Amino acid sequence: MKREHGQLTPANAQGSDRQSTLLEQSLIFTVVMLFMSAMFAKLDDACRCSNDRKPRACSIPTWKPSSAEDHWQAHLRDLKAEFARLGLTAKQESVAMGIIQQKTYEEISDEMRITKRAVCDHAMHVFKKVGCAKRSEFHAALMRSMSRGRTSDRA
């Protein structure tokens, strides 16, 4: 990076703005996904069937999803479809979702109950399939891959 008197030059400032926008978008996505995961876990617990397999009445009222929830569900569906299109295995898909949620390899390994080295190996295979070399390039490469997939579906 070229600096003049402790400040970024205009060319670098534009790249920095784009990176911070991508980071903000991925952070917002992560927060929404975590909120939705917690919400669906509570719903699942409240509506779980009893041991005799008869469903019990749900204590949580049903609701119609808002457009924001529809949007994030659609985004999650798009991600899953892209993972399938890229040919990711189930473990690679789990690692990719962990990376999207900005979890460390150690957090992912604890969650998946595999070694950190196995997570690193899965991540390298994911990066290769998406077309990037490192974790910091993953989000942008995945978005590029998804846009290429959409245009090839239309053709």
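Reader: At roughly what angle do the axes of H4 and helix H5 (residues 116-130) cross?
Author: This is a predicted model, in which local features need pLDDT of at least 70 and side-chain atom pairs count only at pLDDT 80 or more, whereas totals for chains, interfaces and linings use all residues. Residues are numbered from 1 along each chain as its sequence is written, and side-chain values use heavy atoms, with hydrogens and water left out. Helices (H or I, at least four residues) and strands (E, at least two) are DSSP runs, numbered from the N terminus; axes are lines fitted to C-alpha atoms, for helices over the stretch in contact, and angles run from 0 to 180 degrees between N-to-C directions. The axes of H4 and H5 come within 9 Å, and they cross at roughly 110 degrees.

Reader: Which term describes how H4 and H5 lie to each other, and which residues of H5 make the contact?
Author: Angles under 35 degrees count as roughly parallel, over 145 as roughly antiparallel, 65 to 115 as roughly perpendicular and the rest as oblique. H4 and H5 are therefore roughly perpendicular to each other. Contact means heavy atoms within 4.5 Å; on the side of H4 it is made by Tyr105, Glu106, Ile108 and Ser109, and on the side of H5 by Lys116, Val119, Cys120, Ala123 and Phe127.

Reader: At roughly what angle do the axes of H3 and H5 cross, and which residues of H3 make the contact?
Author: The axes of H3 and H5 come within 9 Å and cross at roughly 85 degrees. H3 and H5 are therefore roughly perpendicular to each other. H5 contributes Val119, His122, Ala123, His125, Val126, Phe127 and Lys129 to the contact, and H3 contributes Lys91, Gln92, Val95, Ala96 and Ile99.

Reader: How many of the 11 residues of H3 are buried?
Author: Buried means under 20% relative accessible area, exposed over 50%, and partly exposed in between (1.4 Å probe, protein chains only). The buried residues of H3 are Gln92, Glu93, Val95, Ala96, Met97, Gly98, Ile99 and Ile100. H3 is thus mostly covered, and the number of buried residues is eight.

Reader: Is lysine 103 buried or exposed, and with which side chain does its own side chain make a polar contact?
Author: Lysine 103 lies in the loop between helix H3 (90-100) and helix H4 (105-112). Lysine 103 counts as buried because its relative accessibility is 16%. A polar contact is a pair of N or O atoms within 3.5 Å; within protein, one must be able to donate a hydrogen and the other to accept it, and residues adjacent in sequence count only if both atoms are side-chain atoms. At 2.4 Å, the partner of the lysine 103 side chain is the side chain of glutamate 111.

Reader: Is arginine 113 buried or exposed?
Author: Arginine 113 is found in the loop between H4 and H5. Although arginine 113 is not a glycine, it has a positive phi of about 60 degrees. Because its relative accessibility is 77%, arginine 113 counts as exposed.

Reader: What is the distance in space, C-alpha to C-alpha, between leucine 86 and methionine 146?
Author: Leucine 86 is found in helix H2 (residues 67-86), and it counts as buried because its relative accessibility is 16%. Not counting residues up to four places away in sequence, leucine 86 touches Lys129, Val130, Leu142 and Ser145. Leucine 86 and methionine 146 are 60 residues apart in sequence, while their distance in space is 9.7 Å.

Reader: Which residues does histidine 75 touch, not counting residues up to four places away in sequence?
Author: Histidine 75 also lies in helix H2. Histidine 75 is buried, because its relative accessible area is 18%. Its contacts, with that exclusion, are Phe29 and Met143.

Reader: How many disulfides are there by the rule used here?
Author: A disulfide is a covalent bond between the sulfur atoms of two cysteines. The rule used here asks for a pair of cysteine sulfur atoms within 2.5 Å. Cysteine 120 counts as buried at 18% relative accessibility, and cysteine 132 counts as buried at 11%. By this rule the number of disulfides is zero.

Reader: What pLDDT does the protein average?
Author: pLDDT is the predictor's confidence in each residue, from 0 to 100. Over residues 46-55 pLDDT stays under 50, and the model has seven contacts for them beyond four places in sequence. In the protein, 61% of the residues score at least 70, and the average pLDDT is 75.
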